[in-house]
Amino acid sequence: MSVPGYFLGDLWEQPAFLRDCEQYGEQLVAASNNICIVFGNVAIDWSKKGNDGRTRKYNAVFIAQNGKLCGGENFPYPFRIKTLQPNYREFDDSRHFFSAKKLAQELEQKIEDMLTPVAVSIKNQEFSLGCILCEDGWDEDYSVKPTRIIKKNGDVDLIINVSSSPFTLGKNNKRNRVFSQQASSLQTPILYVNNVGLQNIGKTVYAFDGFSTVYAADGNIIAQCKPFEETLLTMDIAFGDHVVMDECQPTVDNDISSIFSALNYAGKKMLANIGISKVVIGASGGIDSAVSAALYCHILGADNVLLVNMPSRYNSATTKDLAARLAKNLGCLYTVAPIQDAVELTLSQLRNCEINNLSTNEQFQLSVPDITAENIQARDRSSRILAAFASALGGGFSCNANKTELTVGYATLYGDLAGFLAIIADLWKHQVYALGHYLNEQVYCREVIPAEIFSIVPSAELSEHHNVD
């Protein structure tokens, strides 16, 4: 989906958008003089419907050469369509796209007969390409094995996998094992090309890490692009029996450096996309706000980050001091905005307001349980102070929530769940700590997050029961 993008939701059902995608695809085909271009795009059959009664769409890969499309001689269309459609986590392919398996069923053919290679001629030499899309290469848990079927149906010289696969910790290490095994067992080189970029689907931001890789016929990795970098890779691939090519060492992508790379890249792209250049952070003296602050300072520069410490009567001298030291170490802006007076005013209003039933003339007053008093503080900090500072500064304020807290529901609605972007929300607490150490040791190469922040017991400091020594 290099032309339209991937996680587009209802935009896939807009005919005008689909026609734009077609037109851009036609421009690519027209530009294919003296070159073979393999690209992903949505393919539309305007004469047919999908199972939902809407215009039929395919997640497709196009092979263009000398101003025309290749592959129509042994397939119902002059392009190839996705066979295995994921419908888990963020993927929702079957909602929008008609698969090759459904097409085979409709045409009363076996899918094993439909998956065929594409013939091209390059420098007067004939080549046979096996063109698949993303999930088609991850066939371990599927009954249909697209790469094996294509290889069985022709003497394939090169398998090309075009992907729009978002970053997942450790995904590429597993892909290397899966694709290397496929290349070796099929004795065919595999070229994996993945998207680099960012996609904001409203509530979740997905980073696409690239990591495009070339696997030789013996399964060895012979080239790999750096993650999160748009790269033009030019290389020669040798074909034939018993060809040995130089190996390259694949990049490990399951450690804390990979997490930093993903968050740094996605944060930078997201801020640029939405036009935010200044960020306000509620600095509590704890690890979550400290890691968020260090990330944003690295992305935007310290002058564009404001840390706001918002103590109530429950906040300790220890955490207030740590918040100030963090700001000093980072060299960013800092202020203190006490909340106790505002919290007392809200509590007084709650306790003294009469609730009226105007139809019965009944009146009563609300009791204020401890949890309400605690949540008032969290909301006052976010919805009142941080939002106001962000507006005055001309930026946004961050959400410092982590995955551990979100999983167990340890958060306040409209309070610490508020903010324009939760940059560490997909990290477990232990990963937040590890990222803090990485920022100190590898990114800043000095102690910007004070050592005591790693050692103090985390506390919300919302009541006398939340103590920090």
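1. A salt bridge here is a side-chain nitrogen of Lys or Arg within 4 Å of a carboxyl oxygen of Asp or Glu. By that rule, the count is 15 salt bridges.

2. A word on the basis: this is a predicted model, where local features need pLDDT of at least 70, side-chain atom pairs count only at pLDDT 80 or more, and totals for chains, interfaces and linings use all residues. Residues are numbered from 1 along each chain as its sequence is written, and side-chain values use heavy atoms, with hydrogens and water left out.

3. Next, have a look at Lys-82 and Asp-93, whose side chains form a salt bridge (2.8 Å, N to O). They sit 11 residues apart, Lys-82 in the loop between β4 (80-81) and α2 (93-96), Asp-93 in helix α2. Helices (H or I, at least four residues) and strands (E, at least two) are DSSP runs, numbered from the N terminus. Both Lys-82 and Asp-93 are buried, meaning under 20% relative accessible area, with exposed over 50% and partly exposed in between (1.4 Å probe, protein chains only).

4. Glu-452 and Arg-325 also meet in a salt bridge (3.1 Å, N to O). This pair links distant parts of the chain, 127 residues apart: Glu-452 is in helix α14 (residues 451-455), Arg-325 in helix α9 (residues 317-330).

5. Finally, Arg-384 pairs with Asp-380 in a salt bridge, their closest N and O atoms 2.7 Å apart. Asp-380 counts as buried because its relative accessibility is 8%, while Arg-384, at 40%, counts as partly exposed.
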